[in-house]
Amino acid sequence: MEEGRQTAENIKKRYLRYLKLQRGMSANTLDAYERDVDKLLDYLEGSHVHVLDAKLEDLQQFAASLHDIGIGPRSQCRILSGVRSFYRFLLTDDYIEQDPSELLESPILGEHLPEFLTPQEVDLLEDSIDLSKPEGHRNRAIIEVLFSCGLRVSELVSLRWSQLFMDERYLRIVGKGSKERLVPISDRALHEIDNYLSWRNTLDIKPGEEDYIFLNRRGSHLTRTMVLIMLKRQAEEAGIQKTISPHTLRHSFATALLEGGADLRVIQALLGHESIGTTEVYVHISTQTLREAVLKHHPRNIRQ
């Protein structure tokens with residue numbers, strides 16, 4: 001449909017006009033809805049996804065990105081409510097045939113804690129990979145880099161050789177708002193990357209893609225969705241019952257550091273969080289883990 005190929009900005013203007021004329025919203029409410037839609041459109045533009053082509057996975061990754069930039073759960077719920085309203089409008093106005101936001105979940109307010117894997121579960125995930133398959137070593141390297149460095153999936157898929165300093169053993173990451181941070185990379189992660197090179201060197205790499213570290217079979221850099229699908233499939237292979245995403249490994253990185261005694265400010269710097277409040281969720285994870293250990297192993301809690 002030709003109308004459906006309008007620019008995202010023009011579609012947004014029609015949506016705001018609908019809210020004003022048909023829904024009778026006030027100027028302040030319209031401003032709030034516009035800010036919510038702008039966040040979504042900026043994210044999709046950075047992912048090279050047209051607003052009319054967005055899938056549920058794209059919206060889920062957008063929702064995860066809100067947490068990364070320090071937006072609290074209540075504000076996340078409000079923004080995602082605005083996103084659902086926007087896509088309902090697109091469906092009603094025949095821009096799209098199916099609403100990708102229909103199954104988009106908001107964060108649960110209260111004591112909801114992000115899922116994470118133990119180091120043993122990460123090992124299980126990696127060990128379940130079939131290394132005889134072409135992408136086997138690549139997928140193993142991806143999992144290890146995510147767990148060892150705590151990267152956002154957007155940072156992983158855009159990671160370039162020019163950002164990897166192997167002798168010094170660190171990555172130069174360009175995060176949210178183009179802010180740079182240095183993240184140490186483990187010897188194990190470097191070893192997995194080195195193993196992956198034997199397959200990568202056989203690829204017919206497309207012009208302009210040579211500097212990207214992680215590539216697909218067609219010689220182009222990976223997308224967020226590709227990594228998400230790979231991890232979900234691998235979790236099934238490993239028999240892990242938890243809901244796995246790239247963000248799960250980022251949570252696992254932070255939780256492992258905290259339980260190993262790392263300072264919360266250090267974890268904040270490594271994750272690239274704007275606010276220490278965003279990082280403090282890992283204190284609750286660690287406390288929960290300690291409580292579960294006491295309940296399971298202390299003799300006063302073991303039923304005879």
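This is a predicted model: local features need pLDDT of at least 70, side-chain atom pairs count only at pLDDT 80 or more; totals for chains, interfaces and linings use all residues.
We begin with the helices. Two packed helices are described by the angle between their axes and the distance between the axes. Here the pair consists of helix α2, residues 27–46, and helix α4, residues 73–92. Their axes come within 9 Å and cross at roughly 80°. An angle of 65 to 115 degrees counts as roughly perpendicular, and α2 and α4 are therefore roughly perpendicular to each other.

Which residues of α2 and α4 meet? On the side of α2 they are A32, Y33, D36, V37, K39, L40 and L44. On the side of α4 they are R78, I79, G82, V83, S85, F86 and Y87. Sorted by class, this contact between α2 and α4 holds nine nonpolar residues, two polar ones and three charged ones.

We turn next to the strands. Strand β1 covers residues 164–165 and runs antiparallel to β2, with two bridges joining them. L164 has L171 in β2 as its bridge partner. Together β1 and β2 make a hairpin, with four residues between the two strands. In the turn of this hairpin, R169 has a positive phi of about 60°.

Strand β2, residues 170–174, also pairs with strand β3, residues 180–184. The pairing of β2 with β3 is antiparallel and extends over five bridges. One of the residues involved is V174, whose bridge partner in β3 is E180.

How are the residues of β2 divided between its covered face and its uncovered one? L171 and I173 lie on the covered face, while Y170, R172 and V174 lie on the uncovered face.

Methods: Residues are numbered from 1 along each chain as its sequence is written. Side-chain values use heavy atoms; hydrogens and water are left out. Axes are lines fitted to C-alpha atoms, for helices over the stretch in contact, and angles run from 0 to 180 degrees between N-to-C directions. Angles under 35 degrees count as roughly parallel, over 145 as roughly antiparallel, 65 to 115 as roughly perpendicular and the rest as oblique. Contact means heavy atoms within 4.5 Å. Ala, Val, Leu, Ile, Met, Phe, Trp, Tyr, Cys and Pro count as nonpolar, Asp, Glu, Lys and Arg as charged, and the others, Gly among them, as polar. Buried means under 20% relative accessible area, exposed over 50%, partly exposed in between (1.4 Å probe, protein chains only). Two strands pair if DSSP finds at least two bridges between them.
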